[in-house]
Amino acid sequence: MSAATTSNSPGKWVVLPHYAFAALAFVALSILLLFSTDAFGGHYFHPKLLTLTHVAALGWATMLIFGALYQLLPVVLECKLYSEKLATIAFGFLGAGTILLAWCFWHFELGYLIHVAACSLVISFTLFTINVIQTARLAPKWTIEADFIVTSAIWLLLTGIVGLVMVLNFTMAFLPVEHTHYLKLHAHIGMAGWFLLLIIGVGAKLIPMFLLAHAENFKKLNWSYNLINAGLVFFIFDHLFFHTALLPVYAGLVVVGVVLFLLFVYETSKTRQRHDVDLGMKQTFVALGLLLLPLVLVIVVSSNLNLPQQLLSSIYLVYGISVFFGFVSAIIVGQTFKTLPFIVWMHAYENYVGRFKTPLPKDLYNHTLQRCLNITYLLGFLLLLTGVLLRNQQVILAGAIGFTLTSVLYTVSVFQLLLHKVQELKPFTYGNARA
Amino acid sequence: METHVPEDFGNEVFETLKYIIDPEVGINIVDLGLVYEVSLDGDTLEVNLTLTTPGCPMSGTIVNATEQILLKRFPNLDVKVNLVWSPPWSTEMITAEGMRQLEAKN
């Protein structure tokens with residue numbers, strides 16, 4: 001029998017600040033949304049929409065994913081995180097870069113400050129990618145999950161570099177084609193390359209683990225990885241150099257890849273021993289359901305359907321919203337309540353296990369609050385989608401209010417967890433032990 | 001679960017280890033099937049246990065808790081806890097009592 005090492009978990013100060021920043025960014029995002037109802041009537045290249053998208057993608061989603069990943073990488077790859085110092089520095093650059101970038105987009109200040117913001121973000125992504133690759137190199141065995149995670153980090157870095165080039169182009173105007181051409185590239189590499197691959201890679205390991213299920217056949221996951229990356233690479237080359245009419249085919253490859261992942265989850269979940277699906281997992285399944293919407297819309301926006309320009313603009317906006325406010329936000333909200341209570345519990349109670357009666361991670365947060373925020377989230381999302389599609393500012397405002405309520409409830413729950421203090425514990429007496 | 005100890009003593013060890021609860025599942029490590037082997041060699045009590053997944057962040061916590069709890073329960077013995085991965089844990093290793101507890105949660 002092979003002996004194993006002890007815990008690979010990183011220190012709490014590496015992980016927890018990411019959760020705090022992300023929660024506050026979620027509140028900021030919702031408040032900005034309240035003041036942006038007028039921005040959804042036109043083109044997506046709008047200062048307020050650019051601000052919203054980047055606060056959602058960087059301050060909220062990427063920030064939380066960074067933090068969660070530093071905790072989960074050792075679980076998925078079965079080794080220690082390569083460097084906690086790199087993780088802390090990456091946090092600083094990501095936080096500073098996000099705040100600066102949001103400020104610049106909101107005020108449409110496209111001078112040196114936005115260059116600083118973009119450089120700061122690229123530095124953060126570089127450090128993160130180095131950390132992920134070096135950690136993966138320490139892994140005792142290479143798995144398909146490692147493929148997904150490492151590749152997603154590389155796509156993130158590429159997304160950041162394309163973003164930096166676009167920002168430099170604001171003042172130097174050296175790119176041969178108009179800005180929105182590269183924006184499509186930047187957005188799709190970020191959405192499919194970073195968020196989608198990362199979420200699939202981590203989800204493929206964690207969902208079976210949380211359900212006490214056993215994944216036996218990884219063929220679908222392998223094909224999922226190949227198809228999504230192939231779709232993305234073909235799209236990039238075509239978009240930059242060839243301009244063919246094959247975009248729906250590339251989108252189709254990505255869609256089939258995602259469907260294969262969903263089938264993997266479905267087949268694995270049939271073997272589960274846990275049938276008590278908690279609120280965090282319910283929200284995760286809602287997120288996977290919400291993923292179907294952008295999958296349909298990516299085919300629509302990549303096909304030349306000759307739709308009226310106004311309708312096409314709305315569909316583009318709904319597509320973006322369905323990714324950032326739909327799938328990504330839903331899965332983050334759900335997984336926050338699967339990962340954060342456990343992390344807090346581990347740091348607070350690990351020395352008391354077996355000696356004192358300790359609470360369980362699920363006892364550390366308010367379930368009613370979480371149920372409420374799951375409902376306000378879903379209502380807010382549906383109202384926002386409807387409002388944007390109908391170009392109705394009142395309905396968009398109602399959706400923004402739903403999101404604001406969700407973000408406040410979420411942040412209260414997160415800070416309750418972060419500030420959790422160990423209560424007085426009752427010692428065990430072990431039957432007739434002389435304890 | 002394998003034991004190389006007198007039956008009564010083995011039962012005492014398993015009953016003691018049932019105080020350690022897996023925080024995610026909410027079931028003790030014995031009924032979850034994580035304790036593979038208990039043996040007594042002179043004054044040394046040796047326990048081989050595993051985790052639901054090799055990367056589990058609970059590894060240090062569960063190993064330390066097992067050592068602490070057994071030292072407290074059997075103060076005259078030396079305790080050695082080994083974390084092992086072979087055979088890999090699977091849901092078939094959950095005991096009938098563990099399955100009953102899982103079903104009761106549904």
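Trainee: Which hand is the crossing of H4(A) and H5(A)?
Mentor: Left-handed. A crossing is left-handed if the near helix is turned anticlockwise from the far one by less than a right angle, and right-handed if clockwise. Helices here (H or I, at least four residues) and strands (E, at least two) are DSSP runs, numbered from the N terminus. This is a predicted model, in which local features need pLDDT of at least 70 and side-chain atom pairs count only at pLDDT 80 or more, while totals for chains, interfaces and linings use all residues. Residues are numbered from 1 along each chain as its sequence is written, and chains are lettered from A and ligands numbered from 1 in the order in which they are written.

Trainee: At what angle do the axes of H4(A) and H5(A) cross?
Mentor: Roughly 165°, and the axes of H4 (residues 112-138) and H5 (residues 144-172) of chain A come within 9 Å. Axes are lines fitted to C-alpha atoms, for helices over the stretch in contact, with angles from 0 to 180 degrees between N-to-C directions. H4(A) and H5(A) are therefore roughly antiparallel. The cut-offs: under 35 degrees is roughly parallel, over 145 roughly antiparallel, 65 to 115 roughly perpendicular, and the rest oblique.

Trainee: Which classes of residue are in the contact of H4(A) with H5(A)?
Mentor: It has 22 nonpolar, five polar and no charged residues. Ala, Val, Leu, Ile, Met, Phe, Trp, Tyr, Cys and Pro count as nonpolar, Asp, Glu, Lys and Arg as charged, and the others, Gly among them, as polar. Two residues are in contact if their C-beta atoms, placed from the backbone, lie within 7 Å.

Trainee: And H1(A) with H13(A), how far apart are their axes?
Mentor: 8 Å, at an angle of about 160°, for H1 (residues 12-34) and H13 (residues 393-418) of chain A. That makes H1(A) roughly antiparallel to H13(A). Their crossing is left-handed. Residues making the contact include A:Leu16, A:Tyr19 and A:Phe26 of H1(A), and A:Phe403, A:Tyr410 and A:Phe415 of H13(A). By class, the contact of H1(A) with H13(A) has 18 nonpolar, four polar and no charged residues.

Trainee: New topic. How many residues of chain B are in contact with chain A?
Mentor: 35, against 34 residues of chain A. On chain B, the elements giving two or more residues to that side are helix H1 (7-17), helix H2 (59-73) and strand S4 (78-83). H2(B) has the largest share, nine residues. The chain B side divides into 15 nonpolar, 15 polar and five charged residues.

Trainee: What does the model score for ipTM and pTM?
Mentor: ipTM is 0.84 and pTM is 0.92. Mean pLDDT, the predictor's confidence in each residue from 0 to 100, is 92 for chain A, with 97% of its residues at 70 or more. Over residues 1-6 of chain A, pLDDT is below 50, and the stretch has 17 contacts in the model beyond near neighbours in sequence. Where pLDDT is low, the predicted coordinates should not be read in detail.

Trainee: Where is confidence lowest in chain B?
Mentor: In strand S1 (residues 2-4), at a mean of 68, while strand S3 (residues 44-49) is highest at 95. The mean for chain B is 89.

Trainee: Is the peptide bond from B:Ser86 to B:Pro87 cis or trans?
Mentor: Cis, with omega near 0°. B:Pro87 is in the loop between S4 and helix H3 (96-104) of chain B.

Trainee: Where is A:His243?
Mentor: In the loop between helix H7 (219-242) and helix H8 (247-269) of chain A. A:His243 has a positive phi of about 55° although it is not a glycine. Most residues other than glycine have a negative phi, and most peptide bonds are trans.
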